[in-house]
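Visitor: I would like to learn how to read this model, feature by feature. Where should we begin?

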Amino acid sequence: MGETPSSTTTRTSSFVLMIIFITLALSLTALILATTAFSGGQEVTAGYLLLLGFLGVAASTYVLFQARRRILRLRIAAPSITTTIECKKCGFKSVRDFQRGDYVFKEVEPCQKCSDKMLITAIYREVKEKEKERSFS
Amino acid sequence: MNMLTAMTALQNKLLQFPGGDIFSQILTIVFYAFFFVFLFYGQRFQMQIMLREVESSLHKLRYIKDEGRKIAIETIKEIGKPQTDPTARVDRFLEYFTITPQSLDPAGVVWKLEHILDVRDVRFKDEVKLMAPSADETQTYNLENTLEAAMALNYIYKVIRHFYLLGKKTLSLYIIMQIQMTLPLIMREAEAYANALKAFAHGQPIGDGGGALVAAKLMHGYETRKIPKDNVGATVPIEGRTAYVIKAEGPGGNVGKPGDAIKTIIEENEGKIATIVMVDAALKLEGEEVGEVAEGVGAAIGGPGVDQFKIEESILKYRIPINAVIIKEDIGDAVSPMRKEIFDAADKAVERIKQVILERTKEGDKVIIVGVGNSIGIGQ
C-alpha cells in the first residue's frame, strides 16, 4: 500500500479548475464586448458575442457544479443512530443519539422518575425511503 | 442495361455534394467522416467509454479504501492506545490472505477448511492484540471486524484495478465489458463495507445481527452460560416447552460457531430435541420489503459452510427436524448499522418462532432456538 493515505480523489484538479475559470473569464469578456458592440451599432457581432458569452458562462458553471457534486457523492455519509433507553419498572422511555459503548440490553444510568436501572432496548438507524418505486407487488 | 444506368446515377448522386453551397459540402464531409470513423473505430470508442466508467468507479473505490484504512488506524489509536504507530502493521494486515484447502479429494475438506479458518481467526486476534494492547475483549472483536471490512475494501479495489489495467493493456473488449457490467453490484458491496466499517468501529449493531437480536430478546432476563465456541445459551420456558436459546456472545463483533453450540446441546440432551428453529438475516430480492419475515426449513446460516455442514450432520444423527425463520434485507443493510425495520422485525420473528413451536412440538418438549449472526452491539 505504498499510496499516500490522503486521497486526491476528493480534490478537483487545479488544471480543470484553471480551464473552468479561464472559460468563465473569456465568456464574461465576450458579454462585455457584446454590450460595447451593441452600443457601437454592430448588432450582428453583438448577437454572436452574446450567444458565445452565455454559452461559455453556462458551460463553465455546469462543469464547476458537476465537479462539486462528484466530491459530495464520494463522501461516506455517517447515518445518525438512535439509542432508546427504557425503564422496565415505570416504563419511562428516552431517546438519544448513539454513544460509543452503547449496546442492546446494556444497563445505563438510573431512571429519572423511579431511580431504577434503565436498559438500552433499541439501537437503530432510520432510513428515509426515497420515492416508492412503481412496484409489481 | 437500364439497371446499370440507374446504379451509376445513384452512385454519382451519393458521391456528389448535395446542394451547391459550402455549408452543405462541409456537412456532407463531416457526415461521411463520422460514418467511416465509427465504422472502423466504433468498438474502440465504446471501449474507451467503458474504461472511463470503470476509471471513475475506481477513483471512488480508492477513496473508500483510503477512508477505511484511515478509520481503522484512527480507531486502533483511540481504543488500543499503542506505544508505536500501528500504520505499518495495519498496512501489512490489509494484505493478509487465506488459502482455501485443496478439494480435489473432497472427503474431509470441511474439517480442513475449519482448521484453516481457526488458524486465521487466532492469527487475526493476535495481530489486533499487538496493534491495540489496551483494548478489552469486546473492543478487540470490534477492531478485528473493522480491520476485516478495511481488508475487504482493499481487496475489492485491487481486483477492480487489476481488471481495469489489464483491459487497458490488452484492449480486450471482453475483459473491460465483464468488469463494467458487474461494477454496479461491486460498488454497492463496497459502499456497504464502507458503512460497516464505521458501525464496527463504533460497536453499533448491524443488519446481519437480526438473528442474534431475536435470540437476545428471547434469552434476556434468564441466566446465560457460555457454550463452545464463542456462544452463549439460556434455558427459556416458551409455551410450555423448554427452549435452549443460543446466540454468539455479545456485544463484541462475533458470529461464534453455532454448529458446535447446537451439537453440544443435542449431545447434552442425548438427541431428545423435538425441533430446531434457526433465525437469521437473509438477502432479499429486489422488490421485497426490508424486514419481511419468512419461514421455511433447513439450516439458516451463511458463511463458508462449515457450521451449516456441522448442523446438518448433528440433526441427521438424531433425525431432528429443522425450521428456519429469516429476516429479509439487502447486502447494504446486512453490514451497515441496523435499520429500524430490521429491529422491528425481531419482534415479528419472535412471534413466528412461538407459532412454529406451538404447531410443531408438544407441551414438555425440548427445542433449540439459534439466533445466527454478528452480535456486535447486542448483549444478552
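**The sheet of chain B**

Guide: Chain B holds an open sheet of 7 strands in the order β1-β2-β3-β7-β4-β6-β5, with mixed pairing. Strands are DSSP runs of E of at least two residues, helices are runs of H or I of at least four, and both are numbered from the N terminus. Two strands pair if DSSP finds at least two bridges between them. This is a predicted model, in which local features need pLDDT of at least 70 and side-chain atom pairs count only at pLDDT 80 or more, while totals for chains, interfaces and linings use all residues. Residues are numbered from 1 along each chain as its sequence is written, with chains lettered from A and ligands numbered from 1 in the order in which they are written.

Visitor: Which strands stand at the edges of the sheet?

Guide: β1 (224–227) and β5 (293–297) of chain B do; each has a single partner strand, so one side of each is left without a neighbour in the sheet. From one strand to the next, the twist averages 25°.

Visitor: How many bridges join β2 to β3 of chain B?

Guide: Strands of a sheet pair through backbone hydrogen bonds, either parallel or antiparallel. Here β2 (residues 231–238) and β3 (residues 241–248) of chain B run antiparallel and are joined by 8 bridges. B:P237 stands opposite B:T242 in β3(B).

Visitor: Which helix lies across β2 and β3 of chain B?

Guide: Helix α11 (residues 340–360) of chain B does, and it also lies across β4 (275–283), β5, β6 (322–329) and β7, running at about 160° to β6(B). Axes are lines fitted to C-alpha atoms, for helices over the stretch in contact, and angles run from 0 to 180 degrees between N-to-C directions. Contact means that the C-beta atoms of two residues, placed from the backbone, lie within 7 Å.

Visitor: Into which domains is chain B divided?

Guide: Domain bounds come from an automatic or database domain assignment. Chain B has domain 1 (47–202) and domain 2 (207–371), and 28 Å separate their centres, taken over C-alpha atoms. Their contact takes 19 residues from domain 1 and 12 residues from domain 2 of chain B. On the domain 1 side, α6(B) gives the largest share, 9 residues.

Visitor: Where is confidence lowest in chain B?

Guide: pLDDT is the predictor's confidence in each residue, from 0 to 100. Helix α1 (residues 2–15) of chain B is lowest, at a mean of 59, and strand β7 (residues 366–371) of chain B is highest, at 96. Where pLDDT is low, the predicted coordinates should not be read in detail.
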